[in-house]
Amino acid sequence: MAKDISRTRKRKKIAVVGAGIGGLVSALKLASDGFEVKVFEGSDYPGGKIRTLESASGPVNIGPTVLTMLSIFQSLFKEVGENIFDHLELKEQKILARHWWSDGTKFDLLANKDDACDEVQRVFGAKAREQYIKFFHSTKEMFDCFEQPIMKSSSPSALEILKAICKKPKIIPALVPFLTLEKYLKSKFSETKLQQLFGRYSTYVGGSPLHSPALMALVWQAEARGVWTVEGGISSVARAIEKMAIDRGVEFIYGHRVTEIQKSNFLVDKISLDDGTSHEADAVIFNGDPRALATGLLGDNLQNIAGITRDANRSLSANVWGFESNIINKNLAHHNVFFSDKVNSEFYEIEKGQIPLDPTLYICAQDREKPNKAQKTERFEIILNAPPLSKRKPNKEDFKICKSVTLERFKNFGLNFQVDLERKNLTTPKDFNILFPASEGSLYGQSPHGMMATFQRPKSVTSVANLFLVGGGIHPGAGVPMATLSALLAVEEMKASQILM
Ligand SMILES: Cc1cc2nc3c(=O)[nH]c(=O)nc-3n(C[C@H](O)[C@H](O)[C@H](O)COP(=O)(O)OP(=O)(O)OC[C@H]3O[C@@H](n4cnc5c(N)ncnc54)[C@H](O)[C@@H]3O)c2cc1C
């Protein structure tokens, strides 16, 4: 009997549109379950926003640079019969991030909890230590409370969330309507620098601390649970998943965009590519920005799918530099944040559609991990938050502004890159919109601002029974682990539905 089911399943064809992490994970899981899977990817590499730029010193990471919430990936590998450590060289980081301010303050947020408390006290004093301990516990409670009923549920139910809150009543003060993350942090820390530091975590899901709900304070707990670097960068994760999928029979078709997902008799049944070919499918998983469906990029018939994303506010975009330069004589960690002088000024500027002139700069010094003594250069990624295209139309001066702001800010911190930054080194909001169609350059889907934002994100299940959505624009949210979870949830929903029986 079981044999018959598996034979029936093998005949079912699944088309996955997009080889971002969500598409890759869906393909791997479905192939492991015996489905016939084809992945159609517009670009020529697996990983989507997990990207690299070629340089003489090797590939420079210009997307995510570390892995968090490792347990999600460990169980993914285990579920398909593999051990993650056989595929990836992972190294847990002792320093979650090194933080710098222009008054000379330097602060390492450490992974070990006791060491972290000591470091907070050393840099900011005994009161800050007490406040940090309390903050750590309350954000951990929030994370634990919402992990199951929100992050690991394909369709969060108000009742389940309420039950979870009742078990952890201490988190209720963070749920006060209209309490923003900025205000919440002011009530938690007397030290402005710590307010600034923890407020920044809302940008990891595309929000500003000025408008994100206080609950966003839990985002940093993803890092508090451990940060891992991966040999070869996060692209190694995408490539490992692609390889495991290929080993299980998945076919990858790169270099062609899907131009239409055809629907007839209430179900999708075919996809068309920009080379004029068509491919039949019993079900389709869409890993692009869901707004592409809502705006009709994949056909007029699907505009009601993820319709909310058409006009919803967008999350932050970014200007992202990738380059190699002379070795910098500064004690950088892998993850570094150089803060703006005026707390939150960049978010006011972004709100007004401006390129921030005093931005907080993130810099990944990817070679610090394993310095190559023979090498004369090292590779860097710099990220500056930026407004999405819905707030700022591209302007030909943008590159010049961005370059001078970046280099000037770093000069203030004593970092002099000897590099002639060229246009090819920068990915702008406009470039992101081209790479990820209909995204408006937003890197994290629709805006996470407002108490109800979580509930307003498109879900993996759609009104078309055999069309599913995965990725950072879908519930439970943006980031590599969340996009992975969205794929796992979608596959579960697909298998539970009668559609492939
Ligand atoms: C600079 C930067 C830094 C980041 N840092 C972190 C970090 O430190 N930690 C973290 O967890 N996350 C980080 N993120 C976010 C994380 O990278 C994303 O949330 C995640 O990778 C999104 O995955 P996804 O499944 O949504 O697919 P995406 O990466 O969005 O990929 C979608 C894929 O679909 C393809 N596609 C779309 N439409 C079509 C079509 N019509 N036909 C064919 N193909 C199509 C695209 O070409 C693309 O390859 C960062 C992102 C960026 C840009």
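**Entry 1**

I began with strand S7 (residues 95-100), which is mostly covered, with five of its six residues buried. I note here that the model is predicted.

I then looked for the partners of S7. Strand S8 (residues 106-110) pairs with S7 in the antiparallel sense, over five bridges. S7 and S8 make a hairpin, and five residues lie between them. In the turn I found Gly 104 with a positive phi of about 100°.

Strand S16 (residues 335-338) also pairs with S7, here in the parallel sense and over three bridges. Asn 336 in S16 stands opposite Arg 98.

**Entry 2: the sheet around S9**

Next I traced an open sheet of three strands. Its order is S5-S9-S6, and the pairing is antiparallel. Which strands stand at the edges? I find S5 and S6 there; each has a single partner strand, so one side of each lacks a neighbour in the sheet.

I checked the S5 side. Strand S5 (residues 67-68) and strand S9 (residues 227-230) are joined by two bridges, in the antiparallel sense. Thr 68 has Val 227 as its bridge partner in S9.

I checked the S6 side too. Strand S6 (residues 90-92) pairs with S9 over three bridges, again antiparallel. Leu 90 stands opposite Val 230 in S9, and Glu 92 stands opposite Trp 228.

**Entry 3: domains**

Domain 1 covers 2-48 + 233-312 + 448-500, domain 2 covers 91-227 and domain 3 covers 316-435. Taken over C-alpha atoms, the centres of domain 1 and domain 3 are 32 Å apart.

**Entry 4: the ligand shell**

I counted residues around the ligand. The shell has 36, and the closest are Gly 18, Gly 20, Gly 22, Gly 48 and Gly 471. Which element gives the most? I find that H17 does, with three residues.

I sorted the shell by residue type: 19 are nonpolar, 14 polar and three charged. I also sorted by domain. Domain 1 and domain 3 each supply at least three residues to the shell.

**Entry 5: the largest nonpolar core**

I moved on to the largest nonpolar core, which has 131 residues. Ala 27, Ala 217 and Val 284 have the most contacts inside this core. H17 gives the most to the core, with ten residues.

Leaving aside neighbours within four places in sequence, I list its contacts as Val 16, Val 37, Val 39, Ala 245 and Val 250.

**Entry 6: Phe 252**

My last stop was Phe 252, in strand S10 (residues 251-254). Is Phe 252 buried or partly exposed? I class Phe 252 as partly exposed, because there are 18 C-beta neighbours inside 10 Å, whereas a buried residue needs 20 or more.

I listed the contacts of Phe 252, again leaving aside neighbours within four places in sequence. They are Ala 19, Val 39, Glu 41, Glu 242 and Ile 246. I also took one distance. The C-alpha atoms of Phe 252 and Tyr 45 are separated by 9.9 Å, and the two residues are 207 residues apart along the chain.

Key. Residues are numbered from 1 along each chain as its sequence is written. This is a predicted model: local features need pLDDT of at least 70, side-chain atom pairs count only at pLDDT 80 or more; totals for chains, interfaces and linings use all residues. A residue is near a molecule or strand if its C-beta atom, placed from the backbone, lies within 6 Å of it. Helices (H or I, at least four residues) and strands (E, at least two) are DSSP runs, numbered from the N terminus. Ala, Val, Leu, Ile, Met, Phe, Trp, Tyr, Cys and Pro count as nonpolar, Asp, Glu, Lys and Arg as charged, and the others, Gly among them, as polar. Domain bounds come from an automatic or database domain assignment. Two strands pair if DSSP finds at least two bridges between them. A nonpolar core is a set of buried Ala, Val, Leu, Ile, Met, Phe, Trp, Tyr and Cys residues joined through C-beta atoms within 7 Å. A residue is buried if 20 or more other C-beta atoms lie within 10 Å of its own, exposed if 12 or fewer, and partly exposed in between; C-beta atoms are placed from the backbone. Two residues are in contact if their C-beta atoms, placed from the backbone, lie within 7 Å.
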